[in-house]
Amino acid sequence: QVQLVESGGGLVQAGGSLRLSCAASGGTFSVYHMGWFRQAPGKEREFVAAISWSGTYTFYVDPVKGRFTVSRDNAKNTMYLQMNSLKPEDTAVYYCAAARKGPTTLYTSRHDYGYWGQGTQVTVSS
C-alpha cells in the first residue's frame, strides 16, 4: 500500500497563495491516480482537483478553476496543489488521495480513492 502525508497548510489572507504537498511512500507512485479533496467543519468532503498517474490529465472543480494548479513529480513521489487568489470559502482541511489507475484517466469521487492522507489545515481570512 501507499502512505500519504500532506504539508504546506497554514493561515493566509484572502488573495494570498499557498502550496500544498503530498508526499507518498510505500508504493509505486506512478501507478496511482491522485486527487485533492477538502472538508470544512460540519461539511462533506468534496473534490477539488485530480491528476492522472502520468500527469497528462488534470481536472478541477469549478470554484477553484483558474486559481488552483495540481501537479506531480513522480521522481519525487510527490503531488502538489498550488493555490492562488485564495478566498475565505477555500478554508478547509485539505486531503490528498491515491487510487490505483484504472480505465479512466482520473477520478473525481472520493469513493474511488482507497488511500488518504491525514490532512492539512488551510485557513483563509477575510
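Visitor: Let us begin with Phe37 and Phe47: buried or exposed?
Guide: Both Phe37 and Phe47 are buried. Buried stands for a relative accessible area under 20%, exposed for over 50%, and partly exposed for values in between, using a 1.4 Å probe and protein chains only. The model is a predicted one, in which local features need pLDDT of at least 70 and side-chain atom pairs count only at pLDDT 80 or more, while totals for chains, interfaces and linings use all residues. Residues are numbered from 1 along each chain as its sequence is written, and side-chain values rest on heavy atoms, with hydrogens and water left out.

Visitor: How many aromatic pairs does the structure hold?
Guide: There are seven aromatic pairs. Rings of Phe, Tyr and Trp (its six-membered ring) pair if their centres lie within 6.5 Å; planes under 30 degrees apart count as stacked, over 60 as edge-to-face and the rest as tilted. Tyr32 and Tyr115 form an edge-to-face pair, with 5.8 Å from centre to centre and 85° between the planes. This pair links distant parts of the chain, since Tyr32 lies in strand S4 and Tyr115 in strand S10, 83 residues apart. Strands (E, at least two residues) and helices (H or I, at least four) are DSSP runs, numbered from the N terminus.

Visitor: Why does Tyr32 count as buried, and why does Tyr115 count as partly exposed?
Guide: Tyr32 counts as buried because its relative accessibility is 1%. Tyr115 counts as partly exposed because its value is 25%. Phe37 and Phe47 also form an edge-to-face pair, at 5.6 Å centre to centre and 75° between the planes. Here Phe37 belongs to strand S4 and Phe47 to strand S5, 10 residues apart.

Visitor: Which residues form one aromatic cluster?
Guide: The cluster consists of Phe37, Phe47, Phe59, Tyr107, Tyr113 and Trp116. Trp116 also has a charge over its ring: the charged end of Arg45 sits there, 4.9 Å from the centre. The charged end of Arg45 sits over the ring of Tyr95 as well, 3.6 Å from its centre. The criterion is that NZ of Lys or CZ of Arg is within 6 Å of the ring centre and within 35 degrees of the ring normal.

Visitor: On to charges, then. How many salt bridges does the structure hold?
Guide: It holds four salt bridges, each defined as a side-chain nitrogen of Lys or Arg within 4 Å of a carboxyl oxygen of Asp or Glu. Arg38, Glu46, Arg67 and Asp90 are linked in a network of such bridges.

Visitor: Changing topic: in what order do the strands of the open sheet run?
Guide: Four strands form it in the order S1-S3-S8-S7, with antiparallel pairing. Strand S1 (3-7) and strand S7 (68-73) stand at the edges, each with a single partner strand, so one side of each is left without a neighbour in the sheet. The twist averages 15° from one strand to the next; axes are lines fitted to C-alpha atoms, for helices over the stretch in contact, and angles run from 0 to 180 degrees between N-to-C directions.

Visitor: Over how many bridges do S1 and S3 pair?
Guide: They pair over five bridges, in the antiparallel sense; pairing requires that DSSP finds at least two bridges between two strands. Val5, for instance, has Ala23 in S3 as its bridge partner.
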